[in-house]
Amino acid sequence: MLYKQEHREFMNSLSKFIKQEITPFVDEWEDAGIFPAKELFQKMGAQGFLGVCKPEEYGGMGLDYSFSLAMAETLGEIPCGGVPMAIGVQTDMATPALARFGSDYVKENYLRPAISGDYVACIGVSEPSAGSDVAAIKSNARSDGDDYVINGQKMWITNGTQADFMCMLVNTSDGPIHSSKSLIIVPMDTPGITVAKKLDKLGMRSSDTAQLYFEDVRVPKRNIIGEEGLGFTYQMLQFQEERLWAAGNALRSLDKAVDDTISYTRERQVFGKPLLDNQVIHFRLAELKTEIECLRSLTYRAVEDYVAGENVTMMASMAKLKAGRLTREVNDACLQYYGGMGFMNETPITRSYRDGRLASIGGGADEVMLGIICKLMDTLPKQKRNQK
């Protein structure tokens with residue numbers, strides 16, 4: 001089994017924190033369209049939750065990635081998708097490359113306060129014309145003495161209105177698209193950065209998401225992560241953890257959707273008997289529960305291999321693909337069995353239905369996952385394969 005006693009103790013501790021510090025406030029944060037990230041992250045940082053797999057010398061716990069999965073799965077207990085996603089950005093999307101490839105300077109000045117919760121982080125990859133197609137980004141950083149001067153824009157940025165720094169992917173040369181990009185830490189209070197607007201989303205309402213503009217933003221070259229020109233490679237590695245995190249985070253929320261639907265349909269009387277007594281319903285819920293367990297097994301196996309140092313690009317892509325599609329399938333099926341109540345915002349399944357739709361888009365759309373899997377299976381048409 002993936003989880004041992006120390007994992008269980010960690011998960012129990014996080015679960016208690018969620019019940020005390022997050023769950024009671026979720027409805028309020030959903031209505032407000034934002035949650036107090038700095039306040040919450042400082043509380044999480046004090047408990048060590050933001051540096052589970054990060055180096056001990058910068059305030060982390062120095063544990064292996066199986067504990068990050070344990071955290072992602074436990075965060076699925078939060079009765080919304082926005083807050084877990086924002087936490088995941090901080091721990092598994094904006095900081096893995098910083099921790100792995102960053103200099104002592106950027107680790108001390110940005111990783112340490114991200115682990116303590118004193119800084120809120122965001123990841124700047126997507127642009128209006130470059131979502132899943134990362135290689136197509138247009139933002140650029142021009143060399144000027146000891147600085148980079150950044151121009152461009154970033155779109156759909158989680159934590160974008162509250163972040164203290166961005167881990168930003170930009171073009172630093174005009175060379176080949178996969179070797180012309182760099183990851184740079186950009187303090188969000190730097191002159192020239194404009195929050196164009198806080199975006200109005202279908203779901204994930206409690207998570208602030210922004211469109212940002214960068215006009216002649218001057219950043220010291222010492223803020224680069226690793227080597228210039230290797231940003232695309234670093235980001236692809238960072239994506240693997242993001243996709244494993246997404247799959248793990250889906251598990252408990254999917255379990256809860258099915259369990260809550262069982263409870264509701266057992267109590268709901270239709271034509272003189274519990275709705276659950278209809279074979280079409282209890283058989284369907286059995287199928288969905290089986291699919292969730294298949295996703296859990298795939299995700300656990302992928303993480304075990306990742307911890308062992310193996311390349312898990314295919315399995316991480318499969319897990320992300322399955323998590324997105326299953327999230328849509330489970331929430332849609334369960335909502336149907338609530339009938340009219342499933343269309344009411346007061347019903348938890350309605351929020352799950354709205355929040356869960358992002359799972360097939362964010363972090364690489366389903367179609368991108370399929371393309372990666374096909375490439376590794378060597379089934380892409382020759383012309384497309386050569387273009388890759």
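**Exercise 1.** Find which helices each supply at least two residues of the lining of the second largest pocket.

*Solution.* Bear in mind as you look that this is a predicted model.
- Step 1: Sorted by class, the lining has 11 nonpolar, three polar and five charged residues.
- Step 2: The volume of the second largest pocket is about 300 Å³.

**Exercise 2.** Work out how helix 4 (residues 65-75) and helix 8 (residues 231-267) are oriented to each other.

*Solution.* 
- Step 1: Start with the axes, which lie 6 Å apart at an angle of about 40 degrees.
- Step 2: Angles under 35 degrees count as roughly parallel, and 65 to 115 as roughly perpendicular. Helix 4 and helix 8 are therefore oblique to each other.
- Step 3: The crossing of helix 4 with helix 8 is right-handed.
- Step 4: Helix 4 brings Tyr65, Ser68, Leu69, Ala72, Glu73, Thr74 and Leu75 to the contact, while helix 8 brings residues including Glu241, Trp245 and Arg252.
- Step 5: By class, this contact has seven nonpolar, four polar and three charged residues.

**Exercise 3.** Describe how helix 5 and helix 8 cross, and name the residues that make the contact.

*Solution.* 
- Step 1: The two axes come within 10 Å and cross at roughly 145 degrees.
- Step 2: As for handedness, helix 5 and helix 8 make a right-handed crossing.
- Step 3: On helix 5, pick out Pro84, Met85, Gly88, Thr91, Asp92 and Met93. On helix 8, their partners in the contact are Gln238, Glu241, Glu242, Trp245 and Asn249.
- Step 4: Sort these residues by class, and you get four nonpolar, four polar and three charged.

Conventions
Residues numbered from 1 in each chain as written. Predicted model: local features only at pLDDT ≥ 70, side-chain atom pairs only at ≥ 80, totals over all residues. Heavy atoms only, no water. Axes fitted to C-alpha atoms, helices over the stretch in contact; angles between N-to-C directions. Helix = DSSP H or I, 4+ residues; strand = E, 2+ residues; numbered from the N terminus. Parallel < 35°, antiparallel > 145°, perpendicular 65-115°, else oblique. Left-handed = near helix turned anticlockwise from the far one by under 90°. Contact = heavy atoms within 4.5 Å. Nonpolar A, V, L, I, M, F, W, Y, C, P; charged D, E, K, R; others polar. 1 Å grid on protein atoms, 1.4 Å probe; cavity = no way out; pocket = protein on both sides within 12 Å on 5 of 7 lines; lining within 4 Å. Points joined across faces, edges and corners; volume = space filled by probe spheres on them.
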